[in-house]
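The tour below goes from one selection to the next.

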Amino acid sequence: MNWQLIDQLRLRLNANGLPYEIPIHPQLVHLTLGLFILAIVFDIAGALFALEKPIFKFLGLPILRSGFFDVGWYNLIGAAFITFFTVAAGFFELLLANPPIDQKSVWGLTAGWTMLLHGLGGVLLLGAIAAMTVWRGLQRYRWRKDASRQVQWSYLLAGIAILGILFVHGTLGAQLGEEFGIHVTAAKLLQEGKNPNLLPK
């Protein structure tokens, strides 16, 4: 925990170790995840449209291939935009964390190592999502502007790889909350020997 930062900003911390009751970073993480997953899934659906077309026709759904790519593109823009705030909130809450020093996660990592890997991973993922957005924009507006399939197969493979990295990264974040109790009110109260059923008002 960065006491100097707390003093400078005159923060009054709650039982969860934050100046607000509900951690912001996990909320934004789920936005990033949802938007990025939708972006890749809809682009895959657009790329495989020729296989899906008979099903949509059978169901009587008037769906255009370009609609899938539009959804993929705008969700990716949203993911790139919100991820800047996700990472910023994550580093702020990381600075206020008070990790236990005598515990290890199920992956055998200490809280300090888990925090370090989660922080570095967040920056790398921010760079990867921003790069994917630029790559996707070039495909949409230049390279494949007149092509029926708006995305390259290599782009989709990169997106699937990033989804795998997001899973590992998210698991590290979940371990910080669930196993180390960082910024989790009930865990914080238990560490202080207090009854978590009697949450402070």
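A residue is called buried when its relative accessible area is under 20%, exposed when it is over 50%, and partly exposed in between, using a 1.4 Å probe and protein chains only. This is a predicted model, in which local features need pLDDT of at least 70 and side-chain atom pairs count only at pLDDT 80 or more, while totals for chains, interfaces and linings use all residues. Residues are numbered from 1 along each chain as its sequence is written, and side-chain values use heavy atoms, with hydrogens and water left out.

**Whole chain**

The chain has seven helices and zero strands; helices (H or I, at least four residues) and strands (E, at least two) are DSSP runs, numbered from the N terminus. Switch to the C-alpha trace, which spans about 60 × 35 × 35 Å along its principal axes. The radius of gyration of the chain is 21 Å, whereas a compact globule of 201 residues would have one near 17 Å. That radius is taken over C-alpha atoms, and the globule rule is 2.2 Å times the number of residues to the power 0.38. Of the 201 residues, 37% count as buried.

**Alanine 47**

Select alanine 47, in helix α2. Is alanine 47 buried or exposed? Alanine 47 counts as buried because its relative accessible area is 7%. Now show its contacts, where contact means heavy atoms within 4.5 Å. Apart from neighbours within four places in sequence, alanine 47 touches Arg65, Phe69, Arg149, Val151, Trp153 and Leu156.

**Serine 148**

Move to serine 148, in the loop between α5 and α6. Serine 148 counts as exposed because its relative accessibility is 53%. Leaving out neighbours within four places in sequence, serine 148 is in contact with Arg65 and Phe69. Both of these residues are also among the contacts of alanine 47.

**Histidine 183**

Select histidine 183, in the loop between α6 and α7 (185–191). What is the phi of histidine 183? The value is positive, about 60°, although the residue is not a glycine. Most residues other than glycine have a negative phi. Histidine 183 counts as buried because its relative accessibility is 12%.

**Largest pocket**

Last, look for the largest pocket, which holds about 710 Å³ of space. Of the 30 residues that line this pocket, the closest to its centre are His25, Pro26, Val29, His118 and Gly173. On a 1 Å grid over the protein atoms alone, a pocket is an open set of points where a 1.4 Å probe fits, with protein on both sides within 12 Å along at least five of seven lines, and lining residues have an atom within 4 Å of a point. Colour α6, which gives the most to the lining, with eight residues. The lining divides into 14 nonpolar, 14 polar and two charged residues. Here Ala, Val, Leu, Ile, Met, Phe, Trp, Tyr, Cys and Pro count as nonpolar, Asp, Glu, Lys and Arg as charged, and the others, Gly among them, as polar.

How values were computed. Grid points are joined across faces, edges and corners, and a volume is the space filled by probe spheres set on the points.
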